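Please look at the model shown here and follow, step by step, how its parts are arranged.

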2 protein chains.
Amino acid sequence: MSRTLHLNVFIHGRGHHEAAWRHPRGTTASLTDISYYERIAVLAEQGKFDSVFFADHLTVGKDIGHSARGGLEPLTTLAALARATENIGLIATASSTYTEPYNLARQFASLDHISNGRVGWNIVTSWLKGAAANFGDTGQIDHDERYRRAFEYLDVVTKLWDSWADDARVDDPASGIYVDLERVRPIEHDGHYYHVKGALNIPRSPQGRPVLVQAGSSEAGRQFAATYAEAVFTAHLEKATAVQFRTDLRQRAKAVGRDPERLLVLPGLSPAIGSTEAEAQRLWTELNELTVPEVGLAHLSARFGGADLSHLSLDERLSPDDLPDPATVQGAQSRAELIRDLVARERPTLRALLHKLAGGRGHYITAGTPEQIADVVEDWFRDGAADGFNVMPPILPAVLEDFVEQVVPELQRRGLFRREYTARTLRGHYGLPRPESRFFGSSRTSEERVAV
Amino acid sequence: MSRTLHLNVFIHGRGHHEAAWRHPRGTTASLTDISYYERIAVLAEQGKFDSVFFADHLTVGKDIGHSARGGLEPLTTLAALARATENIGLIATASSTYTEPYNLARQFASLDHISNGRVGWNIVTSWLKGAAANFGDTGQIDHDERYRRAFEYLDVVTKLWDSWADDARVDDPASGIYVDLERVRPIEHDGHYYHVKGALNIPRSPQGRPVLVQAGSSEAGRQFAATYAEAVFTAHLEKATAVQFRTDLRQRAKAVGRDPERLLVLPGLSPAIGSTEAEAQRLWTELNELTVPEVGLAHLSARFGGADLSHLSLDERLSPDDLPDPATVQGAQSRAELIRDLVARERPTLRALLHKLAGGRGHYITAGTPEQIADVVEDWFRDGAADGFNVMPPILPAVLEDFVEQVVPELQRRGLFRREYTARTLRGHYGLPRPESRFFGSSRTSEERVAV
């Protein structure tokens, strides 16, 4: 088999469906109890998943009144998960807009050491108004400038990760030499947005650099991903747009001189799993019946830059003109477009639209037997819509348990998915090489150089 | 017994003596291996220590060529240690100058949840030129302005920690109410240096606020400590100055309306422990013989704002005028004064001075049998020089093992130190109350309100 399927678990509150916490299969675990997240990561590791992932927002969610989400901060969470697991990759979102590059580069390098090479960074250029207001109102710059800044930010942090040669630490008590100072180099970055002089204050990490993950889908976002990202999370409601997206990203990667095989595309997949399709479908119905319209409306409004949608009535059919023009949206434009296209295509009532989005927020949702779920995975994978999936269980950990117990073995039987881990690092799971230091090249043996 | 002795372990490289890593009792553990720090924290917990502590610098140390230190980033380290231990407090340094208050407040709140209420923050206002250069050269402001900013910073982060009422999270699946929005309050801080609007995006933590620790000794530093600190780490070469310092801090605390019993003073103590005093003393001699003068000179220079001291010869007696005026030093002025006073008093050779500082960097160092070490502890404690000690083992973990096995039982026999933990939080160990939210007061029962 030439291509390998990759699976990530997106950990989100008590599950991705906004009413998960109200369903009988939902957990009552506290979202500030680290052992809850440890349990999920251990379960994902039992399922031989490549990685787990935490999204993040730098503000209190507007939906928090009726929505069980928010909880621990992602980087401190990853450090704890690194000690509860042995193999699985650990990915967290952090904002390039609101974190000093020296601090971010250092915490991720530290996490890569703590996890022995299992960390990935999901790069976001924060755009929420509420977040800006928590950071001195300094970061609310327009979409394109956000990405120009992000390009320079990435230049800075990758330089910092490369500022120690792999063999800089000599650690020889006999001679009294701890570090070979010739092998540590101040980065002397004096750019348009950032000025960072020194080397990082931590030796180069096991993966050299954490795996770089991204989720932007706009023009600037795609170009950024093609340049820097090694894995991309993306949302599609149908296979066709996923194929187009992946094809486009691979072409862009080639155009900037990269090997497109080193850019994995992982669409979101929110599955309900049952012994029959009808039983699986029933889970969506039950969950949708537990939703609170205010929550769905708050989410929909957020997708359209905070637009006021309170004049819309729940049981009338929507027209695309009821929603703001996605081109005016400062955040994730592509998600707004996707929702507007759906409205144009299906003309749902507002209630039906909110139900449709309640499970996957614009990601692909499906219901079926384990074989049917595996069929979807195989179909998208073989047809070039995906290198793997960002699995978004509607209820956590319950539906992840279903997936690990029922879908993973089916994927393994079909030869699509690993039966055992064959690597020890996230780069190894994702089939990505270990980057050399741009200042010092590789000082490892060729055997060490192959990410395992 | 009315007063309780408190003990913290200061974790620093392979030990506090700069040549620890070259000594036969030194460890060869990697300083980027989290299990090394876990081993030390577990050992300290076996010794019923109140807490462990990590200092921090936001730049590569100038001494790194010949000095085994630097390694993991403190906050990610604490998260891992929280899962390797059950009782001991976990304190880390973080810079108010180079971390956004929203990010810092959130990571510490997250750590307080992850550790079930065992976290403390050692507040530093970074001053190193090298650190400023890693953060856009924005933070190198003068001593007094640094502290003015720090006062406002503390106001912001304590507001953020108080922005959720303890009972804001209702978490009632039946009614669909997760958070009572009336019990979460945007802080609307619009100050001179900081503008932070929202509430923190994490529920209030087990301790309400992490324990606030500080180590400044200058006029502004003492006033800051008297206002905010609940524990103070300090360096003294003799009991008399320690008594003066503690007395002064307690008076200042009283003057701003605080109970001085809620401000613990913990001087540094670097002990060598042997079955005879001579054997203990031999450890210092062995360690000093392994020092590299460049390292000592780099440290001494750093203490005096990076002054060039290369013209001094190792074996001639120093006069105080050989060192820069401490008043011109932008960093830890009090430490520079302490060193200059020592030179004035003892007129050591440069080599002897470097040896004197190699073990404790200006903290109290001593050598003796376990009984003699316990005598020092008891003497300082009874005479009002200390509420406890910041124990700085010259070699880690070896001398911490000695301390736990030999000194702690002696302190317990004398009724000075706990035999078992009687509390579950750092506030509980330190005898500090759980702060009420300034916005919501306490919504806990009186039983919960007592920190245990």
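In this predicted model, chain B can be laid on chain A with an RMSD of 0.0 Å by a turn of 180 degrees and a shift of 0.0 Å along the axis, where copies are superposed by least squares on the C-alpha atoms of residues with pLDDT of at least 70 in both. The two copies are therefore related as by a two-fold rotation axis, and within chain B the C-alpha nearest that axis belongs to B:Ala80, at 2.4 Å from it. Because 100% of the interface residues of chain B are also interface residues in chain A, the copies meet through the same surface.

Residues are numbered from 1 along each chain as its sequence is written, and chains are lettered from A and ligands numbered from 1 in the order in which they are written. Local features need pLDDT of at least 70, side-chain atom pairs count only at pLDDT 80 or more, and totals for chains, interfaces and linings use all residues, while side-chain values use heavy atoms, with hydrogens and water left out.

An unreviewed UniProt entry carries the annotation "binding site" for A:Asp56, A:Thr93, A:His143, A:Tyr147, A:Ser217 and A:Ser218; such annotations, with shortened feature names and positions in the numbering used here, may be inferred rather than shown by experiment.

Among them, A:His143 has its place in helix 5 (residues 143–161) of chain A, helices (H or I, at least four residues) and strands (E, at least two) being DSSP runs numbered from the N terminus. A:His143 counts as buried because its relative accessibility is 10%, buried meaning under 20% relative accessible area, exposed over 50% and partly exposed in between (1.4 Å probe, protein chains only).

A:Ser217, by contrast, lies in the loop between strand 9 (211–214) and helix 6 (219–228) of chain A, and at 15% relative accessibility A:Ser217 counts as buried. Leaving aside residues up to four places away in sequence, A:Ser217 touches A:Arg222, A:Thr234, A:Phe245 and A:Ser334, a contact being heavy atoms within 4.5 Å.
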